[in-house]
Amino acid sequence: MIRRSPLILGKKTYETITNDIAGLTEKLPDARYFAGLAGAQGLMIIFLLAQGAIVWWGMGLMGVNHPVGWGTDIITFVFWIGIGHAGTLISAVLFLFRQKWRMSIARSAEAMTVFAVMTAGLFPVLHTGRPWVAYWLLPYPNQRGPLWVNFRSPLVWDVFAVSTYATVSAVFWYIGMVPDLATIRDRAQNKWRKRIYGLLSLGWRGTARNWNHYEMVYMLLAGLSTPLVLSVHSIVSFDFAVAVLPGWHTTIFPPYFVAGAIFSGFAMVVTLMAIIRELVPVFKDYVTMDHMENMNKIIMATGLLVGYAYGSEFFIAWYSGVEYEVFIFKNRAFGPYGWSYWIMVTCNVFIPQLFWFRYFRRNIPWMFVISIFVNIGMWFERFVITITSLHRDFLPSSWGMWVPTIYDFGALFGSFGLFFTLFLLYIRVLPAISISEVKPVLYVGREEDQHGHH
Amino acid sequence: MDQTSSNKPSGKPWLSLEQWRQDPEFLTFAEKEFRTSPLQSGDGVGGTARRDFLKLMGASLALTSFGCVRRPAQKIIPYAKKPQDIVHGLPNYYASSFVDGMEAIGILVTTRDGRPIKIEGNPDHPANMGSMSSRAHADILRLYDPDRYTAPKRNLQNKNRTNREIINARWEDLDKAVTEQLGKGKVALLTHNHSSPTTQALMEEFAGAFGGKIYQYDDVSYASLVEAQKASYGSATIPNYNIDRAKIVVAINNDFLGTWVAPVTFQRQFAMGRKKSTEGMSKLVVFESLMSLTGSNADKRYRIRPSQSLDVVMALLHELVVVRKSSRYASDDGVVRVLSGFSKSREDLGINVGEVAEELWKNKGQSLVLAGGMSADGDFGVALQVAANFLNAVLENDGKTIETGRSVTRGAPIGDLLNALNKKEITTLIVHGSNPVYSLPENSKFREALSNVEMIITTGDRNDETARLADYVATDHHALENWGDMQSLGGALSIQQPTIQPLHNTRAFQDSMLAWLKGAGKGSAKAKASETWYDYLNASWKTLSAGKTGKLNFEDYWNDVLQTGVMQGSNGAAGSRSLASGTLANVKPTAKRAGFELAIYQKVGIGDGRLANVPWLQELPDPVTKVCWDNYACISPKDSVQLKIKEGQYVQLTVGDKKIELPAHIQPGQADGVVGVAFGYGRNGGGSVVDGIGANAMTLAQWVDGRAVTAGLETTIKPLTKKTELAVTQGHHVMEGRQIVVEETLADHMKDPGGQVHRHNLTTMWSEHKYNGNKWGMVVDLNTCTGCGSCVIACQSENNIPSVGRKNVIDGREMQWMRIDRYYVGTPEDPDVVHQPLLCMHCDNAPCETVCPVIATVHSDEGTNDMIYNRCVGTRYCSNNCPYKVRRFNWFSYTDVKAPRQMALNPEVTVRNRGVMEKCTFCIHRIRGVKAQHKVHDTKLRDGDVKTACQQSCPSNAITFGDLNDTKSMVRGEFDSPKAYALLDELNVKPSVRYQVKVRNTDKLKWAPAHEPVPGAPHGQGHKPPAHGRAGEPLPHGGPPPPDAGPGHPPMPPHDPPPPPVPAEGGH
Amino acid sequence: MAKKIVGAVVVFGLLGGLSVFIWALTNNKIVIGYNKGYEPDQPIPYSHKQHAGQLQINCKYCHTGVDKSRHASVPPLNICMNCHLVVKTDSPHIQKLTEAYNSGKSIAWNKVNLLPDHVKFNHAPHIKAGKDCTVCHGNVAEMEKVKQVQSLSMGFCVNCHREKENHAPINCSTCHY
Amino acid sequence: MDIIEKVIAFARPASRRGVAGIWDDEHKMVAAASKVHQAGFTQIEAISPFPLHGIDDAIGIPRSFIPWVTFVFGLIGFSFGTWFTWWASAVDWPLIIGGKPMWSLPAFVPIMFECTILFAALASVGALIFICGLPQVDPPVIDPALSSHKFGIWVPEGSKGFNGPQLEQIFKDHGAVDIKRAEF
């Protein structure tokens, strides 16, 4: 048997783990954290201003036009939804596969999922011409007859998929946190702190009977989340695949989108972890270089999948013999937006190939840069799909161009502010590593392991 | 005593004794005077705004008094005394007349609750038979133009007429001043072609009474045409053309389908010759410099420079008379001698005119040669017309395709007026209906000459270039507020009747004339007996209609005429005429031009610029360039390469010492060495919409021999570094080998109509829905559609479609529900052009419906694709998924139109909010309205009961609409005809709109049938797009090379005239 | 155990109550919003009870457009004056009416039954189909002051159109265009 | 403030007295629990900061029945999704949309799927909360470290087979670091 390297460094005991992780919520973080938070909130204010202006004056402030009816909002929506996939994947799929290394990154990855989905969820609402009536997409009983929704529309599927996903992943995240919240509650010195965390922990007592049900539910949620996470990005891909538009109307989209989502999600986890390891040094013991390397391997593998999908699209376009398809793919690579295509290919296919080398897989600055490139590439993948397909479709007379405005940039970059604000607040107030899940794997791979049967 | 007590001064501060005494006259005067303060300069606007404010106040008061009510409380204000024929909620239609330049057509004005909301064609009027031009539709917004004068004005001029102080005048004061002035004699009345016999009579009476003279000036002049008619036939008329009888029409720099003389009538006639699309379908051969609407519809098109226009006619004559000796003139030595002087024209042109001559001769008596127009009105303008007259005579067309017409001469030419002005022979000048200060070439020195006049009175409706120099503006009614009559070129007499109470304190010019006559105690008995212009008109018609009333007495007859709008039996040729001999003797060869030649032209939407302040027309894409909101210099692709000029780059055009700067537009198909500039821009006083757009092309025009020369002027082009982006609605101009517009040659078409259409075998996994009641459908005949854009404006007017402005068009946000796609086929240098109107296809398997999350777009059980604005959330997914891209999104709130434009809104159509999608509805409100009326009256719907706005307006009858479930309906037949095909058929969306193939009366198309993929045809990728929007891609990229001349073709000389000399380096 | 029963009753009671609420809402049994019951004061206290009830004047006598047009129309003053030139001329309200009529200025009534602009209701076909005015307007002949008696919500229209015997279309474009 | 205290006091769950043993090694605790169970004690509560391997067998906790709840509610969700899409699209207000049939089953699959997952997931969590008697307000805590790094066994007094001294002896034998009487 291959000897494993330890999952957790620093010769921890159960008590020091509790102190490390619960302690994060108990003392003020250092200046670096607040600097990061201030930056994130600055961006968030930009987001609010940009979106506020758009809601007040109209969608026309953005670059969207006719024929390019979807722009930054939808691209960024798909981007964030994609980001949101890694969390559930790590917590659910790796859980089902009994991957012990998932334990220390699962919580943050799930949090990332929840916040990414929250960020993403704003965009479909805000991209509508009349966001104040966006609730009409929900099939709620009403006095109009009643008038329901069009269940044939991928956007309604989206509403169901994204809201189900948001609900289930939030519940999954929260249920996972309940024992840890109880731990924090029990450590609390302050009355109000005890009450608040007591409330959040639902009064969890940690008896064997409860743990029995708890583990079962956790596994069930993991089992339910796995098809769910696959379905969500498949359904998001249906937004495009169900349309008649050349470049959208393709059957490869669901797996292609899911692979892309995992790809970008893991890249975002690497980005976040690289940052958090710096901002909160204690993470270095829990999120080790081995964790990072594992994720980098997944990034490389999914990068290859994505690259395969890019090639396959071209082949099928040629093989189909449909003139519109052939044109749209040539136009993607060599048309006026060809630069975006090559950014996408470079960032998503070529750059991750560096992870074939152990050096890059285990070097934090390098992987940070590469993961950023992957994120950029994946944003551009959605850009390529959305813009290049729309800007030149069937009738050449209606061809046009899409040019972003300052509001597009505000919405895009501002959304990072929203996301990072939420994430940094989460790091501060909630147990950022799953205490109750890390403890059982404490001795995995330890040389001096007396508890060898673990 | 009472007096004093009632005039007790109030405690308020006072300015003068009059005010202190509250002298009523002073009060009204003060009130009006202060309305000229800058705060209320647009007094009508201010007034309306004030009323709006009061309304708002009322609403908010009402809101507060019903605090528990959660909606804005609304008021119902019924009529105090309701007119009998108005039923609230039902439209009333009034027959009236519309004059636009030389064209006079009959209109029906739709009014709702006493306000006109739309102008439609009068089907009973022989000139247009219900069809309309885009400009005629737009006249409604001229009525509601916020920039209109709302009262008569007085300009306080200094000696040089540069003072711009404008104060409100009162009619009484104005009348007094004018009558006094008129008493001095030396009156000149400058009028446009108003087309009204009775107005003309009144004018003559008026001029006679004051010892004055009538002069005529039209902003777009047909002086050379009329002059040549006089020279050739002895009568100064515009002839009556019967284009429908011609098997071949040759147009030489003549845009008869777009702007020349009477395009609505001509389009209708032309379409009659095209509709057959079998043996005997007419052929259109065009020789032209710019790419006009007519040229874009040509079967065969040759590119010439403006100065070569005469050469074309003479070369044809030379070929027919001298070479072939076909005509009886072959024995006329004088003629032969003149023609021999043009024996080299053919070589100079580099065009095989023999082919055209042969076809013309083959169809003699059934052919028609139309020459000239603004873009060929050079110093050779009259000669060109004379030669064309002679060619028509050689072809024996007189009395057949071309008949004696009616005089449009309303007075002496403006040249005479200029002379008289310069000689200070005129003390009072009255200008009616034209804007000579704007539209006369600068070197005519008209503006300067005006300082020789004591008093100028204009009748314009705004502070335009001419009105600014006037002393008084006796603001005329809009035609929809006024009585009148009209005679079309064909002779039909029609009536013009008011459809609304005058909106402002304006007065009909005719009433002004009557008032001034009476003021001076002059005028005929009729004038004296007429209390108003209406009485005068009525009395005149008593005379005019003598013998035509049939069994009716005059009062009944008059009511009858008011209902139909037209005097029956007044239409028809005005008699016969014969060609004067020796006219050709004066035709001298045109002098050769060095460098670029200027060609000023009219745009189909803007025309003579009278309606240029209507945003609809500014936003109507030019049928050929697809540019709107802009004036630009058109240059040919080859010249653009040579001069290194990019689309949108500014160029400086210089003629003599006159310069203008305009952005360049590279126009495929334009002759090399020619620069085209549209007329009607560069306004200063046209109104808030038009002012500041482009430059005035007439700056470059020259005043030669009492005529404006607008073409063939030597011009230098200097590229500037400044750039702009033209507002284009279509950025890509080739079909990329896709089956979009299917063209067939006439021969192919007769063998197998629709044979070139690639049809698909389509299957579906679903069974189709059954439509049991009506199933609405439409067929658009691409063969008769000329692309004029009348339907676009008709739709805009009918459906409350906003204009969004230049910036939004550049951003790709125009709102027109109907657009006309224009594609170039062939090389950029010499392409064929096809037009394709595109509207919502109302697909049975509509992709837009599937993707709408909230059921805001859905099919009705009558086969229409409905758009429910109030349900729309605005995801724009439907637009993305529409293969035809016919959906329009309200990117901003476009509902706040400047008052009183909102009065033109159609109450039957919801005004759309910001953030909702909209699109063509198949005029569902008309379907609903007609069906409701049938239901109420227990009658059955018949074919043709429902007409869409576009169909109704189309001058060439290209659109058929109706019930596809009615097997006998016209649309069913057209829909199923082999000529018809569904656009993007292979998507199986099953559109309810089908197209019929375009037939070109030629031997070989510029391109192979659309669907056969051309091996190796590049797909237009790779070229660098512009930074923004769709303004780029000016050239048809990647079209296959033009076909080699087939074996059957006679060897042809190269098409291209030698490239023009590039201006010397120093010019750069 | 008792706790559990109480809990179950509460849960099922809530679910049942919600179902009933949804049913009532969607079937127009209860109305939220829509100004049902709106009963504004009018500038002249015209009594339908007196005119349409006691005097039995036909609705169409005043609301002349109802069988021809989209709008039933509030009557122009000349219709009022048909009678009130001679009837009850001493009443101050009638004098107000006469004054307005003579000066050519109308009376600004408060609109009671209001549909939004995007709803294109057409009175004439409904009258032709034999629908009684009271279906939508209630028994106006009993009203001293006119009141909105129906919700006039979309559900109110649609549920009537859905009735088989009405043979009415339920296309969206029946009302919205 | 007072009112909050009152509410908390009111909502606090009833607790029972019992005997608790505390360990700082989970293996010793599991062994002890097994012994306690074998000795005939009932209602044993084993308290740990994380789920322990083998504790279920040691104190005889059966396999959780929540999967059945998940399954049943998944089925309900699926049926609801199927029924609702059918009823709303084909029965309540059939509209022609995109030329597709009123009941376009393939298009409704995503809705049916999502309903299945949502119902199943929420029901599972609901069942967990219900079964564990959560949420509890301010439940008694034997030792705050039991949620951090210590492990405890608690047996209520008066439960069937309860014998205090025996229990304490077993605890002692298995190396409990602390033995105390505690409410839980």
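Which residue of E1(C) does Lys75(B) stand opposite? Select Lys75(B) and look across to chain C, bearing in mind that the model is a predicted one: the residue facing Lys75(B) is Asn110(C). Now widen the selection to strand E1 of chain B, residues 75–76, which is joined to E1(C) by 2 bridges, with the two strands running antiparallel.

Next, show the rest of the place where these chains touch, in which 38 residues of chain C are in contact with 35 residues of chain B. On the side of chain C, the elements that give two or more residues are helix H4 (77–84), helix H5 (92–103), strand E1 (109–110) and helix H6 (123–128), and the most comes from H6(C), with 3 residues.

Then move to another part of chain B and select the open sheet of 4 strands, whose order is E12-E11-E10-E13 and whose pairing is parallel. At its edges lie strand E12 (300–303) and strand E13 (367–371), each of which pairs on one side only, and neighbouring strands are turned by 10° against each other on average, direction ignored. Zoom in on strand E11 (residues 283–288) of chain B, which pairs with E12(B) over 4 bridges in the parallel sense; here Val285(B) stands opposite Lys300(B).

Technical notes:
Residues are numbered from 1 along each chain as its sequence is written. Chains are lettered from A and ligands numbered from 1 in the order in which they are written. This is a predicted model: local features need pLDDT of at least 70, side-chain atom pairs count only at pLDDT 80 or more; totals for chains, interfaces and linings use all residues. Two strands pair if DSSP finds at least two bridges between them. Axes are lines fitted to C-alpha atoms, for helices over the stretch in contact, and angles run from 0 to 180 degrees between N-to-C directions. Two residues are in contact if their C-beta atoms, placed from the backbone, lie within 7 Å.
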